[in-house]
Amino acid sequence: NTLDQKQFPTRGWKIRTQLGHLYNQKPEDLFYDIAGEVGSIDTLSFDNYQQLRLKVEQYARLSDRFTFITQLNAGINFNNNQAYLNYFNVGGINDFLRNQITFVGLTEYQALTNSITALMLGLQYKPFNSLYTILRANVGVYDFAYQGSESLDKSNFLSGYALTVGYASGFGPIQLSAMYNDQSRDFAGYVNIGFHF
């Protein structure tokens with residue numbers, strides 16, 4: 001991590017990668033509560049599997065007011081027979097959920113998949129001290145790991161856009177975003193206040 005600041009960085013790189021083998025998950029530890037009736041979930045299958053995740057962010061300062069943002073985000077589960085709880089959660093601007101792959105234009109959990117690769121490009125503008133606007137565009141392909149390229153079609157592609165107005169307060173960033181997704185043709189709002197842990 002060589003970013004110059006945590007909120008609204010203007011230069012540097014941040015690279016996060018993870019490779020792991022997940023094993024011995026116990027479905028009997030999952031419980032539900034529906035209308036006061038509590039029980040365990042014993043119909044889920046949690047086989048051992050491997051997972052690879054990669055997130056690369058680069059911030060390149062173009063001038064005192066403009067910063068170009070590039071982000072590559074990818075994840076793959078090397079076992080297609082996993083229960084949906086182990087899928088990647090695609091959507092949102094800030095990653096703070098388990099197995100989340102950020103994607104502007106989608107809200108959290110709007111898409112679930114075992115494999116995804118997404119590229120985001122953005123332009124950050126600082127018109128005044130502590131005030132920022134960010135324009136972002138995302139493209140991605142998902143469900144590619146077990147289908148093969150011959151079975152990929154336009155339904156495997158995602159694209160989305162977001163316009164964000166942000167303020168760097170002493171208590172953390174405050175961000176208001178308007179997002180759009182080409183596939184669902186829906187507009188959505190996104191609010192972030194403070195740092196996530």
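Is L62 buried or exposed? L62 counts as exposed, because its relative accessibility is 55% and the cut-off for exposed is over 50%. This briefing covers a predicted model. The protein chain has 13 strands and zero helices. Buried residues account for 39% of its 197 residues.

**Overall fold**
- Follow the protein chain along its sequence and the pattern reads β-β-β-β-β-β-β-β-β-β-β-β-β.

- Strand 12 covers residues 172-181 and runs antiparallel to strand 13.
- Eight bridges join strand 12 to strand 13.
- M179 stands opposite A188, a residue of strand 13.

- Strand 6 spans residues 88-90 and pairs with strand 8 in the antiparallel sense.
- Three bridges link strand 6 and strand 8.
- V90 stands opposite A111, which belongs to strand 8.

**A nonpolar patch on the surface**
- Which residues form the nonpolar patch on the surface? They are L62, F66, F68, L72, L119, L121, L123, Y125 and V139.
- Together these residues have about 710 Å² of accessible area.
- Strand 5 (66-77) and strand 9 (115-128) are the elements that give two or more residues to the patch.
- Strand 9 supplies the largest share, with four residues.
- L62, the exposed residue from the opening question, sits in the loop between strand 4 (49-61) and strand 5.

**Y49, a buried residue**
- Y49 lies in strand 4.
- Y49 counts as buried because its relative accessibility is 0%, and buried means under 20%.
- Which side chain makes a polar contact with the side chain of Y49? The partner is N86, at 3.4 Å.
- Y49 and F78 are 29 residues apart in sequence.
- In space, Y49 and F78 are 6.1 Å apart, C-alpha to C-alpha.

**T102, a buried loop residue**
- Where is T102 found? T102 is in the loop between strand 7 and strand 8.
- T102 has a relative accessible area of 2%, so T102 is buried.
- The side chain of T102 makes a polar contact of 3.2 Å with the side chain of Q71.
- The T102 side chain also makes a polar contact with the side chain of N73, at 3.1 Å.

- Start with L62, which is exposed at 55% relative accessibility and belongs to the nonpolar patch.
- Then find Y49 in strand 4, which is buried at 0%.
- Finish with T102, which is buried at 2% and lies in a loop.

Notes:
Residues numbered from 1 in each chain as written. Predicted model: local features only at pLDDT ≥ 70, side-chain atom pairs only at ≥ 80, totals over all residues. Heavy atoms only, no water. Pairing = 2+ DSSP bridges. Patch = residues over 30% accessible without salt bridge, like charges linked within 9 Å, V, L, I, M, F, W, Y side chains within 5 Å. Areas by Shrake-Rupley, 256 points an atom, 1.4 Å probe, with all protein chains shown as cover. Salt bridge = Lys/Arg side-chain N within 4 Å of Asp/Glu carboxyl O. Buried < 20%, exposed > 50% of the residue type's maximum accessible area, 1.4 Å probe, protein only. Polar contact = N/O pair within 3.5 Å; in protein donor to acceptor, adjacent residues only side chain to side chain.
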